[in-house]
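I opened this notebook page to record what I looked up on the sheet and the strands that build it.

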Amino acid sequence: MGGAGAPDFFYREAQRLGYVARSAFKLLQIQKQYKLITPGSSVLDLGCAPGAWLQVACQNLGSIKNGGSVVGIDVKKVKVPSLHCDARVKTFCADVMNLPKHQVKALSPQHEGFSVILSDMCPPVSGITTKDAALSVELGMQAVDLAVGGAASAYAGGDTEPNELSDSACGADDNGILQAGGHLLVKLLESEDIQGGINFYVDNHYCVLQCVSDLHFGSCFVEFSRICKPLFRKVSWLRPKATRSSSREIYLICQGLKL
């Protein structure tokens, strides 16, 4: 029952409660623990198919009188679910890897950017774990770049102080679309070699991933932490309870953008 695709508790609960997929419970747990979405939030959901996260995000906007919005983007056409969603939810079919930041920002209320960015993007799984993990890192870095723009490259490569950016690197489309104080959630896939080689330092509100076998993919996860820790008030890693035992998913949770 725990294998990929097998009906389980979360699958049955999703059907019972009207969610279009069991993945709703991953965001429900994250939302319960970290309260990323609040009434009136403007939420961007990257990789929004099949729509379960759209439902959870809309539910957490509260009453429609609170305002707020949820924008979903996916390479597939996604119909807004009829349950748990209202007129504040809209979806667009596009490849995030090819979308300029200013076009995505234009989808936000008053074109002012988003207060929450959720990335549940995942590459087509090939079964070759190193390849899947590498593609996942690429998608994850795209989400980070979309959120914080040139600030991400400023802290890349191991520097604890921001690098100076050239004028050509500071164009209008290099600005991130996450609002100050905003939150970022990114899904990544571990390489098979590093599963189990991760230590979580929850008490310090920061996670150090110590990769005992695969230094390349371990360094990628450490790089995410290195980039995001100076930019956000708090950086955490979580594997939600609804994650299947066979899954290699792990979530990077960044709270309170300092910019």
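I count two strands as paired if DSSP finds at least two bridges between them. Strands (E, at least two residues) and helices (H or I, at least four residues) are DSSP runs, numbered from the N terminus. This is a predicted model, in which local features need pLDDT of at least 70, side-chain atom pairs count only at pLDDT 80 or more, and totals for chains, interfaces and linings use all residues. Residues are numbered from 1 along each chain as its sequence is written, and side-chain values use heavy atoms, with hydrogens and water left out.

Entry 1, strand S5. I find S4 (residues 114-119) parallel to S5 over five bridges. Leu 118 has Leu 185 of S5 as its bridge partner. Leu 185 also stands opposite Ile 253 in S7; S5 and S7 (residues 249-257) run antiparallel, joined by six bridges. Of the twelve residues of S5 (178-189), nine are buried, that is, under 20% relative accessible area with a 1.4 Å probe, protein chains only.

Entry 2, the whole sheet. I read the order as S3-S2-S1-S4-S5-S7-S6, an open sheet of seven strands with mixed pairing. S3 (89-93) and S6 (232-238) are at the edges with a single partner strand each, so one side of each lacks a neighbour in the sheet. On average, neighbouring strands are turned by 15° against each other, direction ignored; axes are lines fitted to C-alpha atoms, for helices over the stretch in contact, and angles run from 0 to 180 degrees between N-to-C directions.

Methods. Buried < 20%, exposed > 50% of the residue type's maximum accessible area, 1.4 Å probe, protein only.
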